[in-house]
Amino acid sequence: MFLTLLHCVQSVLYKYLKYIQPINHQSKDFQLFFLLHNFNLPWQNSIMAKSLLFLLSLSLLAFAPLCFCYTNNYNHGSYLYPQFYDHSCPKAQQIVQSIVSKAVAREARMAASLLRLHFHDCFVKGCDASILLDSSKNIITEKTSNPNRNSIRGLEVIDEIKAAIEKECPSTVSCADIVALAARDSTVLAGGPHWEVPLGRRDSKSASLSGSNNDIPAPNNTFQTILTKFKRQKLNIVDLVALSGKIAHHLLMCTTFRQRLYNQTGRGLADFTLDQSLAASLRNNCPRSGGDQNLFFLDFVSPTKFDNSYFKNLLANKGLLNSDQVLVTKSEVAKQLVQQYAENNQLFLDQFAKSMVKMGNLSPITGSRGEIRKNCRMVNS
């Protein structure tokens with residue numbers, strides 16, 4: 001109970017210092033945060049330690065009402081903060097960044113794959129690394145769901161990161177946090193924005209195949225269906241449009257957009273909202289039958305660079321997926337956002353970072369719930 005309250009107060013203080021007032025390293029608030037953050041039980045025996053412990057106890061009592069009020073009103077990500085592993089595993093973020101950098105250097109496409117992995121994890125039961133679990137006696141893996149089958153990638157990179165971190169600090173850093181950090185680092189490597197990743201998630205002991213099939217937006221979903229799926233996750237239309245830009249440097253299989261090329265209306269005609277010269281070009285490698293696994297860059301302008309080309313393509317009717325093009329054909333609000341991001345790359349990057357933090361805080365497992373998996377592919381025995 002004491003440690004749970006301690007972590008909660010750490011989180012509240014961090015968010016207060018970060019978002020409400022500029023950090024003053026000489027302020028009493030910052031000194032209290034430093035004391036909380038570096039609190040370590042083994043030094044309790046000294047006289048000074050007992051005095052500090054008394055001060056800490058008073059501080060916890062003073063902040064407890066604020067903590068409980070905060071968690072009752074902002075239960076998503078309430079115990080998460082970027083410095084969570086600074087004391088218990090200080091090299092964790094460095095290890096993640098190093099391995100992700102090598103993976104993206106080997107294959108530029110891996111940046112998009114790691115970002116997509118985080119997205120597909122968070123939209124099913126929250127950001128809890130359930131997507132990494134293999135099937136077992138009591139678990140049916142999410143990897144075989146329609147959104148993930150034959151397309152989810154980056155699992156081996158996560159395995160490599162986990163093995164390295166377990167060697168450095170065993171049973172400390174969760175797979176869920178590793179996925180979140182890898183998504184941020186891969187975005188930066190592709191030219192996207194940097195953001196501080198709130199940490200402290202724990203790993204789930206279960207997966208949800210049905211959740212993966214039903215909660216992740218699909219390529220052929222209507223705009224309203226996509227918006228509804230985002231709202232279920234406490235994400236709004238701004239988050240929807242900004243996060244849609246995440247897939248701009250993905251590769252898509254022919255099967256994900258074939259309908260738009262041949263039979264969008266059920267009368268054997270291509271989707272009239274798709275640029276017809278682009279449609280004709282795509283048919284060369286995406287026939288009516290066969291070639292299901294043929295791959296296409298969603299963003300053919302800057303396929304490996306994280307920028308706003310995706311939105312420019314949408315305005316030119318060159319979005320491959322139906323779920324992309326509906327952003328400019330089915331909602332005036334969404335269309336205005338697309339126009340703003342197409343005109344202002346920095347505006348898009350800033351909002352993307354904010355929406356990623358918001359998505360990363362979806363229903364985290366914290367405290368004593370869940371576990372810290374030793375192997376990301378299976379629950380601890």
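Start with the aromatic rings: across the whole of this predicted model, a search finds 13 aromatic pairs. Select Phe119 and Phe123, whose rings form a tilted pair, 4.6 Å centre to centre with 35° between the planes; both of these residues are buried.

Next, select Phe306 and Phe352, where the ring centres are 4.8 Å apart and the planes stand at 65°, so the pair counts as edge-to-face, the class for angles over 60 degrees. This pair links distant parts of the chain, since Phe306 sits in the loop between β2 (295–297) and α13 (309–315), while Phe352, 46 residues away, belongs to helix α16. Phe306 counts as buried at 2% relative accessibility, and Phe352 is buried with a relative accessible area of 0%. Now extend the selection to Trp195, Tyr310, Phe311, Tyr341 and Phe348, which ring pairs link with Phe306 and Phe352 into a cluster.

From Phe311, move to Glu343, whose C-alpha atom is separated from that of Phe311 by 8.9 Å, although the two are 32 residues apart along the chain. Glu343 lies in helix α15 (residues 332–343) and is exposed, with a relative accessible area of 70%.

Return to Trp195, which is also one of the residues lining the largest cavity, together with others including His118, Arg201 and Met356. That cavity has a volume of about 50 Å³, and helix α16 (residues 345–360) gives the most to its lining, with three residues. By type, the lining divides into six nonpolar, three polar and one charged residue.

Finally, select Arg283 and Tyr262, where Arg283 lies over the face of the Tyr262 ring, at 5.8 Å from the ring centre.

How values were computed
Residues are numbered from 1 along each chain as its sequence is written. This is a predicted model: local features need pLDDT of at least 70, side-chain atom pairs count only at pLDDT 80 or more; totals for chains, interfaces and linings use all residues. Side-chain values use heavy atoms; hydrogens and water are left out. Helices (H or I, at least four residues) and strands (E, at least two) are DSSP runs, numbered from the N terminus. Buried means under 20% relative accessible area, exposed over 50%, partly exposed in between (1.4 Å probe, protein chains only). On a 1 Å grid over the protein atoms alone, a cavity is a set of points where a 1.4 Å probe fits but cannot get out, and a pocket is an open set with protein on both sides within 12 Å along at least five of seven lines; lining residues have an atom within 4 Å of a point. Grid points are joined across faces, edges and corners, and a volume is the space filled by probe spheres set on the points. Ala, Val, Leu, Ile, Met, Phe, Trp, Tyr, Cys and Pro count as nonpolar, Asp, Glu, Lys and Arg as charged, and the others, Gly among them, as polar. Rings of Phe, Tyr and Trp (its six-membered ring) pair if their centres lie within 6.5 Å; planes under 30 degrees apart count as stacked, over 60 as edge-to-face and the rest as tilted. A charge sits over a ring if NZ of Lys or CZ of Arg is within 6 Å of the ring centre and within 35 degrees of the ring normal.
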